[in-house]
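This briefing is meant for a reader who is meeting the structure for the first time. Please keep the sequence and the 3D view at hand while going through the topics below.

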Amino acid sequence: MNGDERPPAPGQDRAPEPARHGGRHPWRSVRKATADAIARARSTARRAQETPPPPGPFRPGFWRSPIRGPWLTSVFGLVLLFGIPVMFVTGALSYAAYNPGLGPLNDQTPDKGLLGFYLFDWPTHPYWLYRLTQGVHVTLGVVLLPVLLAKLWSVIPKLFSWPPLRSLAHGLERLSLLLLVGGAVFEFVTGLFNIQLFYIFPGSFYTLHFYGAWVFIAAFIVHVCLKSGRMVRALRSRGLLAELRTDRARTRPEPPDPDGLVAVAPAAPTMSRRGAVGMVGAGSLALLVVTAGQSIGGALRGTALLAPHNRNPGTGPNGFQINKTAASVGVTPALTGRAWRLEVHGRGPALVLTREQLLAIRQRAAALPIACVEGWSTEDQHWSGLRLAELAAMAGLPEAGSVLVESVQPPGPYSSVILRGNQIHDPRALLALRVNGADLSLDHGYPARVIVPANPGVNNTKWVHRLTFRT
Amino acid sequence: MARALRWYGANPLHLLVLLCSFALTAYACVRLFAVRPVEVAIWLVGAAILHDLILLPLYSLADLSALSVLRHRAEAVPKAPWINHLRVPAFLSGLLLLVWFPLVLGISRPYPAATALTLDVYLPRWLIITAGLFGVSALTYALRLRRLRRAARAVERGARPGR
């Protein structure tokens, strides 16, 4: 206890002090008190490190699965190592597709700041681009969920590692892991709820999902940096083919690992490792089968047994999938009846046209799908109407750089949208009046809607009544 | 310097990577928590504990209960291990429900009005899929049992030659 009390160093004698300091220099007593406190804290910490873990999951003997170990974790981790970056990139592309740089009307996260560094002009070639990126994003997300759950199962002993804080490095790592798990589940849950229109989350989906993605990817990058060496070593420790040939009777626990994943008192195996991997794979396959059809469309749409847009809401030319019906957004037949006019603003006085006048102008055609942020899409529909480029020319701005498209829809998110110059000048971009040989139905945007190649569905404004072209 | 690193508990690159990550996280969190911060925090923390402290204990308990239920039955005939014939269809069915429950349970209220489609197909479909999964599992188990019993009878006949 008195190990920190040193005899005075040679040459350092006690000079005679005035009596009011009690015979000691004040600075030395402060130093001594601090040294005592540090020593006490160190011994407390040492004792805390050495306390036995509390009963239950904190004890290593609690975890009994004989197949849990670094190899199994690494297999699931490898799948996520490829899957998560694809998710992040397709998600980032989805945000770029909205052309948020054109203004707050297109942007649900206007305070993105530096997080929008990568944004670029969304192209119109190929015309199915958004259909592909968003179909992959949603379908892959659904398919990866069982892998995520399996990975969390395989590392659960680490949640209860003891002592809980070994050092500052350990503490920071655990904080990052909390953000990793929380961020991952937050992203998957908000995404899954949004595609089913189950809007119970606290705020706009776009805000939560976009910023949540950055929280998650920041933790994901740390996790990959810190664990990839361990993952590679674990994958090399057992051959995949050998493991695929090992049945339950021959399944043995892995050698003890420094992470404490391998059970110290394993129960007899009830499932082989190949069985566990196979079961998770079967889960992903089952989800793929009941989901992918809503994005692929055509004959396969009906196979998406549990997906939200697996059926046609009607028959005939307007029978394809609807994003939001007219009634659900407050568009009434009165707003789109005989009194409806299209206003086209540009250089000079505004043009005001009736639907009959629009139909009298030479009609152009384009075969384009509708692709929604929710991951579903329709097959190519045959639209006819006026080219946006020709409307720009009629407005006196043939080289228009942007157009503000306004709907009769009551004001709300995406009731008005801005389109970019490349979208205006693509010959397939139309103000559509008819589809598949018939007039647009009210739910599909009667009397006129915009349809642009590679555009997210919500930016193809329905019930358009005003176009304002700008340079 | 070396002492500081020893006290930190890892090499300086570790600290650097974590600090960069936390900087990005803080930048995003400021914006994430800008509106309704308490509810967003509840969702984020809830997400962190949802699987590990709610879902995992529930399904582990179910699994252990299933394992212990028939352990004490007398083994009159040769049996194949049946637990995976229960686990796999339960896992697949539960997974489909976990992903699609707002549609299957019909609790996504905006859905019918927005899509002009009905919710009532989802529950029957999920039930039929579940029945199908368990049915296939039971069939494969029955086939396995038959194969085992045939093999056991062949062994018995082989052990008593001339009978």
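A:Thr251 sits in the loop between α6 (240-245) and α7 (273-291) of chain A, where helices (H or I, at least four residues) and strands (E, at least two) are DSSP runs numbered from the N terminus. The model is predicted, so local features need pLDDT of at least 70 and side-chain atom pairs count only at pLDDT 80 or more, while totals for chains, interfaces and linings use all residues. Residues are numbered from 1 along each chain as its sequence is written, chains are lettered from A and ligands numbered from 1 in the order in which they are written, and side-chain values use heavy atoms, with hydrogens and water left out.

- A:Thr251 counts as buried because its relative accessibility is 3%, the classes being buried under 20% relative accessible area, exposed over 50% and partly exposed in between (1.4 Å probe, protein chains only).
- A polar atom of the A:Thr251 side chain lies 2.8 Å from the backbone oxygen of A:Asp247.
- Apart from neighbours within four places in sequence, A:Thr251 is in contact (heavy atoms within 4.5 Å) with A:Ile67, A:Thr246, A:Pro269, A:Ser272 and A:Arg273.
- B:Gly9, in the loop between α1 and α2 of chain B, is partly exposed at 46% relative accessibility.
- Leaving aside neighbours within four places in sequence, B:Gly9 is in contact with A:Ser167 and A:Ala169.

**The interface of chain B and chain A**

- The contact draws 78 residues from chain A and 64 residues from chain B.
- Between them the two chains bury about 6,100 Å², 77% of it on carbon and sulfur atoms; buried area is the accessible area (1.4 Å probe) that two parts lose on being put together, summed over both.
- Helix α4(B) gives the most to the side of chain B that touches chain A, with 15 residues.
- That side of chain B divides into 48 nonpolar, 9 polar and 7 charged residues, where Ala, Val, Leu, Ile, Met, Phe, Trp, Tyr, Cys and Pro count as nonpolar, Asp, Glu, Lys and Arg as charged, and the others, Gly among them, as polar.

**Salt bridges**

- Over all chains the structure holds 19 salt bridges, each a side-chain nitrogen of Lys or Arg within 4 Å of a carboxyl oxygen of Asp or Glu, whereas the rule finds 0 across the interface of chain B and chain A.
- One of the salt bridges joins the side chains of A:Lys227 and A:Glu173 (3.9 Å, N to O).
- Because A:Lys227 lies in helix α5 (residues 205-237) of chain A and A:Glu173 in helix α4 (residues 168-195) of chain A, this pair ties together parts that are 54 residues apart in sequence.
- A:Lys227 is buried at 19% relative accessibility, while A:Glu173 is partly exposed at 21%.
- A:Asp439 and A:Arg434 form another salt bridge, with their closest N and O atoms 3.0 Å apart.

**Cysteines**

- There are 0 disulfides over all chains, a disulfide being a pair of cysteine sulfur atoms within 2.5 Å.
- B:Cys20 is in no disulfide, and the nearest cysteine sulfur, that of A:Cys225, is 9.8 Å away.
- The sulfur of B:Cys29 is too far for a bond, because the closest cysteine sulfur, in B:Cys20, is 16 Å from it.
- B:Cys29 counts as buried, with 14% relative accessibility.

Conventions. A polar contact is a pair of N or O atoms within 3.5 Å; within protein, one must be able to donate a hydrogen and the other to accept it, and residues adjacent in sequence count only if both atoms are side-chain atoms.
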